[in-house]
Amino acid sequence: NAISQSVYDDPLQPVTQDETASVGGMVTLTCRVAASDNSSLQWSNTAQQTLYFGEKRALRDNRIQLNRSTGTELSITIGNVQLSDEGEYTCSIFTMPVRTARATVTVLGVPDKPQISGYEDTVQEGGKVTLTCTSSGSKPPAKLRWYRNQEELTGRPDVVETNPDEATYTVISELTLTVGRSDDNTLIGCAVDHPSLSPGEKWTEQPIRVLFTPDVTIQPQNDLPREGEKFIIQCIGNGNPKPTSYVWQKKDGELPLMAKVDASFLLFEMLNKSDNGVYLCQADNGIGKMQGEYTLLVQDPTAMSTSSGVDHAVIGGVVAVIVFILLCLLIVLGRYLIRHKGTYLTHEAKGCDDAPDADTAIINAEGGHSGAEDKKEYFI
């Protein structure tokens with residue numbers, strides 16, 4: 001808000017400021033003077049009709065209420081603001097001479113919620129769709145923004161039309177898109193950008209459905225087709241609409257006699273090595289036909305799946321580590337026992353080192369205590 005008058009050196013000069021409000025909102029008009037000489041302040045509307053003279057209501061309009069009245073201030077409010085309230089309001093103080101100040105009230109026309117038109121039915125992949133977004137009631141003219149899943153898009157420049165019955169505008173914007181399969185179920189949004197609104201306050205979305213040929217993949221029942229076992233493969237078609245027709249073939253040959261077709265499924269009641277080969281599935285959804293393939297390689301009845309082989313390898317590795325640790329412990333324990341063997345003398349070996357000759361040493365080694373007893377003398 002810009003101050004419309006300044007006090008300068010005159011303390012009795014009224015001061016006001018411009019105000020902005022949205023339709024349906026409220027605006028407060030305040031007039032102040034720096035000093036009071038007991039003169040009353042007065043507010044007048046755009047038609048120079050007195051609204052309030054001091055505390056006294058002069059115009060019977062219940063939307064206009066006294067907010068504050070003192071010797072230096074007169075403040076009033078206007079509720080449920082309308083476009084007709086826009087204009088220049090005058091604050092006067094009846095001194096000699098009369099002093100006045102003006103405040104401009106700007107009223108914003110609040111735009112309606114935008115409406116999207118032009119989308120009638122599903123669009124085929126590669127086709128174009130043109131959407132139109134319209135919003136009325138804005139003042140000044142609103143701006144329209146296009147979005148695809150929150151990503152802003154560039155549409156044609158807005159077309160602004162004046163509404164004949166009131167001083168508001170209708171804004172129209174167009175967006176043309178070439179759609180692909182990734183646009184299926186995409187939300188195209190149109191948002192109104194206007195100073196009377198917070199961002200994203202008024203927003204409309206239109207979902208887009210796109211028709212496209214199916215992507216085809218063939219999924220096996222499991223990853224290990226073994227000879228003699230039952231086996232199933234399924235043809236999966238991802239398209240819009242869903243595929244309604246499936247055709248199974250074997251590349252470079254006929255389907256095996258034991259193979260049964262059940263719509264999107266191909267069943268092998270008992271696998272045989274002769275079933276090996278490349279199998280083709282063609283899915284049709286009325287928009288187009290696409291084909292997928294699967295290579296069947298029948299394994300021996302004793303074959304293990306890749307996951308089982310990995311599990312056995314892990315278990316074998318753990319066992320090998322444990323065996324290695326046990327062998328290391330046995331080697332360390334054996335070396336310890338060998339080092340400490342024979343590091344002590346038995347009682348039978350005592351005295352050998354003190355013997356005067358070899359014969360005595362042998363006798364000492366064999367004898368011990370009995371030798372000592374032989375040396376005893378008996379007297380009769």
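This is a predicted model: local features need pLDDT of at least 70, side-chain atom pairs count only at pLDDT 80 or more; totals for chains, interfaces and linings use all residues.
A disulfide is a covalent bond between the sulfur atoms of two cysteines. In the pair formed by Cys31 and Cys91, the sulfur atoms lie 1.8 Å apart, and the link is left-handed, with -80 degrees about the S-S bond. This pair links distant parts of the chain, since Cys31 belongs to strand 2 (residues 27-32) and Cys91 to strand 8 (residues 87-93), with 60 residues separating the two cysteines in the numbering. Cys31 has a relative accessibility of 0% and therefore counts as buried, the limit for this class being under 20%. Cys91, also listed at 0% relative accessibility, counts as buried as well.

A second disulfide is formed by Cys133 and Cys190, whose sulfur atoms are 1.9 Å apart. The torsion about the S-S bond of Cys133 and Cys190 is about -85 degrees, and the disulfide is therefore left-handed. Because Cys133 lies in strand 12 (residues 128-138) and Cys190 in strand 17 (residues 186-193), the pair ties together parts that are 57 residues apart in sequence. Both Cys133 and Cys190 are buried.

Another disulfide joins Cys235 to Cys281, with an S to S distance of 2.1 Å. For Cys235 and Cys281 the torsion about the S-S bond is about -95 degrees, so this disulfide, too, is left-handed. Cys235 is located in strand 20 (residues 231-240) and Cys281 in strand 24 (residues 277-284), so the pair ties together parts that are 46 residues apart in sequence. Cys235 and Cys281 are both buried. Cys328, by contrast, has a relative accessible area of 31% and is partly exposed.

The strands that carry Cys235 and Cys281 also take part in the strand pairing of the model. Strands of a sheet pair through backbone hydrogen bonds, either parallel or antiparallel. An open sheet is formed by 5 strands in the order 11-19-20-23-22, and the pairing within this sheet is mixed. Strand 11 (123-124) and strand 22 (259-262) stand at the edges, where each has a single partner strand, so one side of each is left without a neighbour in the sheet. Within this order, strand 19 (residues 210-220) and strand 20 run antiparallel and are joined by 7 bridges; Pro220 has Ile233, in strand 20, as its bridge partner.

Strand 24, which holds Cys281, is joined by 6 bridges to strand 21 (residues 245-250), the two strands running antiparallel. Here the bridge partner of Lys250 is Tyr279 in strand 24. Strand 24 also pairs with strand 25 in the antiparallel sense, over 8 bridges, and Asp284 stands opposite Lys289 of strand 25. Strand 24 and strand 25 form a hairpin with 4 residues between them, and in the turn Gly286 adopts a positive phi of about 90 degrees.

Thr302 and Glu227 are 75 residues apart in sequence, while their C-alpha atoms are 8.9 Å apart in space.

Ser75, found in strand 7 (residues 73-78), is buried, with a relative accessible area of 1%. When residues up to four places away in sequence are not counted, Ser75 touches Thr28, Leu29, Thr30, Leu66, Asn67 and Arg68. Among these contacts, Thr28, Leu29 and Thr30 fall within the residue range of strand 2, the strand in which Cys31 is found.

Rolling a probe the size of a water molecule over the atoms shows where empty space is left. The largest pocket has a volume of about 180 Å³, and of the 14 residues that line this pocket, Ser40, Leu41, Gly54, Ser69 and Thr70 are the closest to its centre. The lining of the largest pocket divides into 3 nonpolar, 8 polar and 3 charged residues.

Key
Residues are numbered from 1 along each chain as its sequence is written. Side-chain values use heavy atoms; hydrogens and water are left out. A disulfide is a pair of cysteine sulfur atoms within 2.5 Å. Buried means under 20% relative accessible area, exposed over 50%, partly exposed in between (1.4 Å probe, protein chains only). Contact means heavy atoms within 4.5 Å. On a 1 Å grid over the protein atoms alone, a cavity is a set of points where a 1.4 Å probe fits but cannot get out, and a pocket is an open set with protein on both sides within 12 Å along at least five of seven lines; lining residues have an atom within 4 Å of a point. Grid points are joined across faces, edges and corners, and a volume is the space filled by probe spheres set on the points. Ala, Val, Leu, Ile, Met, Phe, Trp, Tyr, Cys and Pro count as nonpolar, Asp, Glu, Lys and Arg as charged, and the others, Gly among them, as polar. Two strands pair if DSSP finds at least two bridges between them.
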